[in-house]
Amino acid sequence: MQNSEALALTAALLAAAGDLTQRINDGVVARGFEGRPAYGFAFTRLAPDGATVTELAVHLGVTKQAASQLVEELVGKGYVERRPHPRDARARLVVLTERGWACTRAAEEAAAEAVRAWVDVLGESEVRALCDRLGRIAPYGPIRPAW
C-alpha cells in the first residue's frame, strides 16, 4: 500500500469514528440527556461494575485530576455516584446510577441508528464484514477519545 493510500485510509477511519461519535452524542441529546462525548467514553469503563477514578483516568488516557473533574461533572448531572470500594477501604468506586444506565441505553439506540445508516449505504453483509475486520485489527480497544 502506498503512503498516500495509507493516509487516505487513516483519514477515512478517523472521519468515520468522529462522525459516529457525533451521531451517538446527538442521538443521546435528542433523547433528553445532557452531555458530551467524553461521558460515553467514561460510561464504557464504568459499566458494568464501576471503576475507581484512577482506573477511569487510565481508561481515558487523562490525568487523575482530569478524571476527578469529569466524575464531579457526572455526579452533578446524576449519571454516577460514588460508593465505598468493596475491596479497598481507601478507594471509592464510581458507578452508574439509573439515570446513567438510561443514558447508556439511549447511546446504544443512537449507535444502532448510526450503523443502520451505514447498512443503507453498504448493505448488511458489508457492514458485518467491516465489523469483523476492524475487530481483528483492534480487538481490545481502547475505547477513548483522541484528546
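The model is predicted, so local features need pLDDT of at least 70 and side-chain atom pairs count only at pLDDT 80 or more, whereas totals for chains, interfaces and linings use all residues. Residues are numbered from 1 along each chain as its sequence is written, and side-chain values use heavy atoms, with hydrogens and water left out.

The secondary structure comprises six helices and two strands, in the order α-α-α-α-β-β-α-α along the sequence. Helices (H or I, at least four residues) and strands (E, at least two) are DSSP runs numbered from the N terminus. The C-alpha trace spans about 55 × 35 × 20 Å along its principal axes. Of the 147 residues in the chain, 27% are buried; buried means under 20% relative accessible area, exposed over 50% and partly exposed in between, with a 1.4 Å probe and protein chains only. The accessible surface is about 9500 Å², and carbon and sulfur atoms account for 57% of this area. Accessible areas come from the Shrake-Rupley method with a 1.4 Å probe, and for residues only the protein chains shown count as cover. The chain has 18 positive and 18 negative charges, whose mean positions are 6 Å apart. Lys and Arg count as positive and Asp and Glu as negative, while His and the chain ends are not counted; each charge is placed at NZ of Lys, CZ of Arg, CG of Asp or CD of Glu.

In soluble globular proteins, nonpolar side chains tend to be buried together. A nonpolar core is defined here as a set of buried Ala, Val, Leu, Ile, Met, Phe, Trp, Tyr and Cys residues joined through side-chain atoms within 4.5 Å. The largest such core has 22 residues, of which Phe43, Leu46, Leu74, Tyr79 and Val80 touch the most other members. At least two residues of this core come from each of helix 2 (37–46), helix 3 (53–60), helix 4 (64–76), strand 2 (92–96) and helix 5 (98–122). Helix 2 gives the most, with five residues. Apart from residues up to four places away in sequence, Leu46 touches Ala51, Leu56, Val80, Val94 and Leu96.

Helix 1 covers residues 3–30; its 28 residues should span 40 Å at 1.5 Å a residue, and its end C-alpha atoms are 40 Å apart, which agrees. The expected span of a helix is 1.5 Å times one less than its number of residues. Asn25, Gly27 and Val28 are the buried residues of helix 1, and their cover includes helix 2 and helix 5. Arg23 is also placed in helix 1 and counts as partly exposed because its relative accessibility is 39%. The C-alpha atoms of Arg23 and Ala111 are 7.5 Å apart, although the two residues are 88 apart in sequence. Residues up to four places away aside, Arg23 touches Ala110, Ala114 and Ala117.

Helix 5 has 25 residues and reaches 36 Å from its first C-alpha to its last, close to the 36 Å expected at 1.5 Å a residue. Its buried residues are Gly100, Cys103, Thr104, Ala106, Ala110 and Ala114, and these pack against helix 1, helix 2 and strand 2. Thr104 counts as buried because its relative accessibility is 15%; beyond neighbours within four places in sequence, Thr104 is in contact with Phe43 and Leu96. Glu98, also in helix 5, counts as exposed because its relative accessibility is 55%. Glu98 lies 18 Å from Ala110, C-alpha to C-alpha, at a sequence separation of 12 residues.

Thr97 occupies the loop between strand 2 and helix 5 and counts as buried because its relative accessibility is 15%. Thr97 touches Gly78, Tyr79, Val80 and Glu81, residues up to four places away in sequence not being counted.

Most residues other than glycine have a negative phi, and most peptide bonds are trans. Gly123, which follows helix 5, has a positive phi near 95 degrees. The peptide bond from Ala47 to Pro48 is cis, with omega near 0 degrees, and Pro48 is found in the loop between helix 2 and helix 3.

Terms used:
Contact means heavy atoms within 4.5 Å.
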